[in-house]
Amino acid sequence: MSNLSLRERDAATIAQIGKLRFSPLSVIGGRGNRLIEEGGRSLLDLSGSAGPAVLGYGHPAIVQAVESSIRDMASASLLLYPNEPAVSLAERLLAITPGDGERRVWFGHSGSDANDCAVRVLQAATGRSRFISFIGSYHGNLSGSMGISGHTAMTHTLPRPGVLLLPYPDPFRPNFSSEDVLALLDYQFETTCPPHQVAAVFIEPLMSDGGLIVPPPGFLKALQERCRRHGIKIVVDEVKVGLARSGMMHCFQHEGLTPDLVVFGKGIGGGLPLSAVIGPKEIMDHAPAFALQTTAGNPVATSAGNAVLKTIETDGLVERSARIGMLFSDALRALAARHEIIGDVRGRGLAIGVDLVKDRTTREPVAAATTAKIIYRGYELGAAFTYVGLKANVLEFMPPLTLTEDEVAEGVAIVDQAIADVNAGEVSDADVASFMMW
């Protein structure tokens with residue numbers, strides 16, 4: 001038996017290229033909306049493990065579905081044979097996702113592979129090789145999905161050749177208005193990016209890793225209309241903010257979008273590796289065996305997916321996300337009266353961002369170390385949350401959709417105290433030196 005701590009063992013064995021650590025939290029279990037760290041302390045999880053834990057941990061519906069499917073496992077894949085859980089989940093997804101004509105579902109393991117698949121099949125099926133995306137967007141960590149991402153954390157990998165990265169208009173820092181961005185797109189279409197070369201535009205209806213940015217009203221719909229004129233497909237990335245999190249079943253519904261392809265990940269598996277792409281038959285049936293993954297669509301993960309969708313419906317989690325999310329957001333906004341560092345609180349439902357600023361007049365972002373210190377102190381006080389944004393200055397709250405009113409009050413009190421303690425100098429630069437990876 002090793003005498004090393006779990007964190008020390010992690011450092012000695014797990015590759016840095018697969019890590020994103022925000023605090024010393026080392027997890028040995030989870031119950032409800034809480035994570036249990038080594039030593040037995042329970043922490044309120046306000047991160048949802050970066051989004052997948054939509055029903056928290058150990059939810060009876062997922063436990064029952066997984067136990068049942070693994071005891072009588074209908075193969076280990078969807079590649080060679082249809083299996084009941086996967087086909088049932090595809091039917092459910094088609095039933096709850098708006099769309100015209102015949103559509104098909106592809107299953108993968110994460111949002112990264114789902115967006116990667118979408119890029120590959122769209123190029124092949126349309127014969128067009130170019131794509132439009134946004135500065136600040138994050139669509140995944142495989143070659144294809146990284147190639148259409150525009151996040152500052154992805155600058156180690158060059159964008160895909162021919163991709164057009166547009167500014168995403170930010171109402172809090174309006175460097176580019178909706179009109180500016182649309183005019184830039186029109187100019188690109190007239191000059192260096194002929195629209196007949198563009199297969200699709202990838203849209204985050206709420207730019208999550210870019211800073212939980214809610215787009216200006218009407219912007220995304222106007223973008224969609226421009227692309228439709230040129231036969232450019234609309235791909236909506238719902239990986240982080242879809243399936244009830246935003247207070248609607250699909251976040252794109254807030255924006256009046258009618259996507260051609262919809263990409264799901266994270267929460268769809270309730271913590272198990274699962275993703276999906278829904279799209280028109282003529283694209284998704286482009287060629288047999290075009291996007292194979294051996295264990296994609298396996299009956300265990302898709303059983304969990306079925307349990308997630310059933311629970312969203314039976315427990316009214318769409319409405320719950322809207323109600324609890326509003327309560328959470330309002331409570332965080334109230335903290336701004338005591339903390340000048342809070343410049344903006346924004347989001348939809350239970351996808352919430354707190355933009356931290358040095359000065360409310362200039363809206364200059366705080367240093368990344370300040371954000372990291374608040375998260376570190378939050379961990380010490382008993383809550384887990386993370387940060388996002390191109391300047392690493394936005395606290396991100398992506399909790400399980402099962403979060404209670406009492407837990408909202410608990411979490412807000414911890415955030416309040418964490419900010420006060422950091423302002424009082426109770427967290428040092430050395431404390432957070434290991435936790436500034438993003």
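Trainee: Why is Tyr168 called buried?

Mentor: Tyr168 has 8% relative accessibility, and buried means under 20% relative accessible area, with exposed over 50% and partly exposed in between (1.4 Å probe, protein chains only). So Tyr168 counts as buried. Keep in mind that this is a predicted model, where local features need pLDDT of at least 70 and side-chain atom pairs count only at pLDDT 80 or more, while totals for chains, interfaces and linings use all residues. Residues are numbered from 1 along each chain as its sequence is written, and side-chain values use heavy atoms, with hydrogens and water left out.

Trainee: What makes Phe385 and Phe397 a tilted pair?

Mentor: Rings of Phe, Tyr and Trp (its six-membered ring) pair if their centres lie within 6.5 Å; planes under 30 degrees apart are stacked, over 60 edge-to-face, and the rest tilted. Phe385 and Phe397 sit 5.2 Å apart, centre to centre, with 40° between the planes, so they come out as tilted.

Trainee: Which parts does that pair tie together?

Mentor: Phe385 is in the loop between β14 (383-384) and β15 (386-388) and Phe397 is in strand β16 (residues 394-397), so parts 12 residues apart in sequence are tied together. Strands here are DSSP runs (E, at least two residues), as are helices (H or I, at least four), numbered from the N terminus. Phe385, at 3% relative accessibility, counts as buried, and so does Phe397, at 0%.

Trainee: How many aromatic pairs are there in total?

Mentor: The structure has 7. One of them is Phe134 with Tyr168, at 5.2 Å centre to centre and 80° between the planes, which makes it edge-to-face. Phe134 belongs to strand β5 (residues 130-134) and Tyr168 to the loop between β6 (164-166) and α6 (178-190), 34 residues apart. Phe134 is buried too, at 1% relative accessibility. Phe134, Tyr168 and Phe219 form one aromatic cluster.

Trainee: How do you know that Arg120 lies over the face of Phe290?

Mentor: A charge sits over a ring if NZ of Lys or CZ of Arg is within 6 Å of the ring centre and within 35 degrees of the ring normal. Arg120 is at 4.5 Å from the ring centre of Phe290 and lies over its face. Arg41 likewise lies over the face of Tyr379, at 5.0 Å from the ring centre.
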